[in-house]
Amino acid sequence: MPLLWKHIDFERGVIDCVGITKNDDPKRFYFKDDPDLTAALQDQLRYTRKWEKRKGKVIPEVFHRCGKVMQNFPYEAWRKACERAGVLGKDGRAKIPHDNCRSGIRNFDRSGVPKEVTKALTGRKTDEIFRRYRIIDDEDRQDAIAVLAQARKREKGKRKVVPMKRRQA
């Protein structure tokens, strides 16, 4: 929630999080190659500009409610948004915001992004914390077996069957 417009550079497609992270480490997140994220940020900017005109003042915060700084996370609005978007947990209830951290790490990992890069992008400093967030589920297990089966299939096509020579007595 402390993200400010001054942290976002649309031209370069970068979010520079300086002084607003949990451990105060600067983080840089590139969004220019993600059209969905770019569109979401542009939508939020339009929303902000609309409220700036209504209020007659600059709104530096990216996330605000009708131009007012949000003091606490808007859990009720989050729940409704999750329901409208059809993004629900296995129990049928809205996912908690922290689920996005786990999902993000899993998505990076499944996409083949190296662990160290994922840790840097998500602010996880140790392997222990990375493992805590990188939850393995049944889909991961199924995918692993499918990948293994494909690898065996490729190898099978490459092997030549050479008959063994008989030993002479």
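In this predicted model, aspartate 16 and arginine 28 form a salt bridge, with their closest N and O atoms 2.6 Å apart. The pair ties together distant parts of the chain: aspartate 16 belongs to strand E2 (residues 14-17) and arginine 28 to strand E3, twelve residues apart. The two partners sit in contrasting surroundings. Aspartate 16 has 17% relative accessibility and counts as buried, because the cut-off for that class is under 20%. Arginine 28, in turn, has a relative accessible area of 42% and is partly exposed.

A further pair involves aspartate 9 and arginine 12, whose closest N and O atoms are 3.1 Å apart in a salt bridge. Here aspartate 9 is partly exposed at 24% relative accessibility, and arginine 12 is also partly exposed, at 41%. In total, the structure holds twelve salt bridges. Another of them joins lysine 119 to aspartate 127, with 2.8 Å between the closest N and O atoms. Lysine 119 counts as buried, at 7% relative accessibility, while aspartate 127 is partly exposed with a relative accessible area of 30%. Through shared partners, salt bridges connect Asp9, Arg12, Asp16 and Arg28 into one network.

Lysine 119 also leads the story on to helix H4. This helix spans residues 115-122, and its buried residues are Thr118, Lys119 and Thr122. These three lie on the same side of H4, because the arc they cover around the axis is only 100°. On the face turned away from that buried side, H4 carries the exposed residues Glu116 and Ala120.

Attention now turns to the open space in the model. The second largest pocket has a volume of about 360 Å³. It is lined by 14 residues, and those closest to its centre are Gly89, Lys90, Lys95, Asp99 and Arg106. What is the make-up of this lining, in terms of nonpolar, polar and charged residues? The lining of the second largest pocket comprises eight charged residues, four nonpolar and two polar.

Definitions and conventions: Residues are numbered from 1 along each chain as its sequence is written. This is a predicted model: local features need pLDDT of at least 70, side-chain atom pairs count only at pLDDT 80 or more; totals for chains, interfaces and linings use all residues. Side-chain values use heavy atoms; hydrogens and water are left out. On a 1 Å grid over the protein atoms alone, a cavity is a set of points where a 1.4 Å probe fits but cannot get out, and a pocket is an open set with protein on both sides within 12 Å along at least five of seven lines; lining residues have an atom within 4 Å of a point. Grid points are joined across faces, edges and corners, and a volume is the space filled by probe spheres set on the points. Ala, Val, Leu, Ile, Met, Phe, Trp, Tyr, Cys and Pro count as nonpolar, Asp, Glu, Lys and Arg as charged, and the others, Gly among them, as polar. Buried means under 20% relative accessible area, exposed over 50%, partly exposed in between (1.4 Å probe, protein chains only). Helices (H or I, at least four residues) and strands (E, at least two) are DSSP runs, numbered from the N terminus. The arc is that of the directions from the helix axis to the C-beta atoms. A salt bridge is a side-chain nitrogen of Lys or Arg within 4 Å of a carboxyl oxygen of Asp or Glu.
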